[in-house]
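Take a look at the sequence and the structure first, and then we can go through a few details together.

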Amino acid sequence: MQFALNFPEFEFKIQESDGKLSIFDSLRKKYLILTPEEWVRQHMISFLVQHRNYPKGLFSLEKEVIYNSLQKRFDILVLDRTGNPFLLIECKAPEVKLSKKTVEQVAVYNKTIGAAFMGISNGRQHLFLKYNFEVNYYEQISDLPQFQP
């Protein structure tokens, strides 16, 4: 089940119970069912924390967001030091192709959240965007934004 992803190697705690694999989420301090999407999410979290120095305390994971009276759940939101949304990331299973439709999904969530940056990843391909508030438009950027300490 553990797909090769476009991330550095990370050590994860994985356990098996009743024939199902679970992965330990270091932010939520509990084991979660190891789905392909969760595999990508845990890699992204580890990358942000270990390689980009994003503070663990500023993460919000899989919280509900309401848009046009529809209940949705975002994957990863990182806040800035003042508590405002900074980076919203949607994680997809490795077999899901990143497309205009998948980008629109995270953009819809971000209409409610209002993060300056957003990203989408299937673990193999990563796409990052910066919101230009002056022209109301997302611009693709080549890499994750640096977290401002």
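**Briefing: a strand residue and a sheet**

Ser121 is found in strand S9 (residues 117–121); strands are DSSP runs of E with at least two residues, helices are DSSP runs of H or I with at least four, and both are numbered from the N terminus. This is a predicted model, where local features need pLDDT of at least 70, side-chain atom pairs count only at pLDDT 80 or more, and totals for chains, interfaces and linings use all residues. Residues are numbered from 1 along each chain as its sequence is written, and side-chain values use heavy atoms, with hydrogens and water left out.

**Around Ser121**
- Ser121 has a relative accessible area of 0%, so it counts as buried (under 20%, using a 1.4 Å probe and protein chains only).
- At 3.5 Å, the backbone oxygen of Gln125 is reached by the side chain of Ser121.
- Beyond its neighbours within four places in sequence, Ser121 has contacts that include Phe7, Val40, Met44 and His126; contact means heavy atoms within 4.5 Å.

**The S1-S2-S3 sheet**
- Three strands make an open, antiparallel sheet in the order S1-S2-S3, where pairing requires at least two DSSP bridges between two strands.
- Strands S1 (14–17) and S3 (30–33) are the edges, each pairing on one side only.
- From one strand to the next, the twist averages 40°; axes are lines fitted to C-alpha atoms, for helices over the stretch in contact, and angles run from 0 to 180 degrees between N-to-C directions.
- Helix H1 (residues 36–50) packs on this sheet and touches S1, S2 and S3, with its direction at about 20° to that of S2.
- Strand S2 (residues 20–25) is joined to S3 by four bridges, and Asp25 has Lys30 as its bridge partner in S3.

Key. Buried < 20%, exposed > 50% of the residue type's maximum accessible area, 1.4 Å probe, protein only. Polar contact = N/O pair within 3.5 Å; in protein donor to acceptor, adjacent residues only side chain to side chain.
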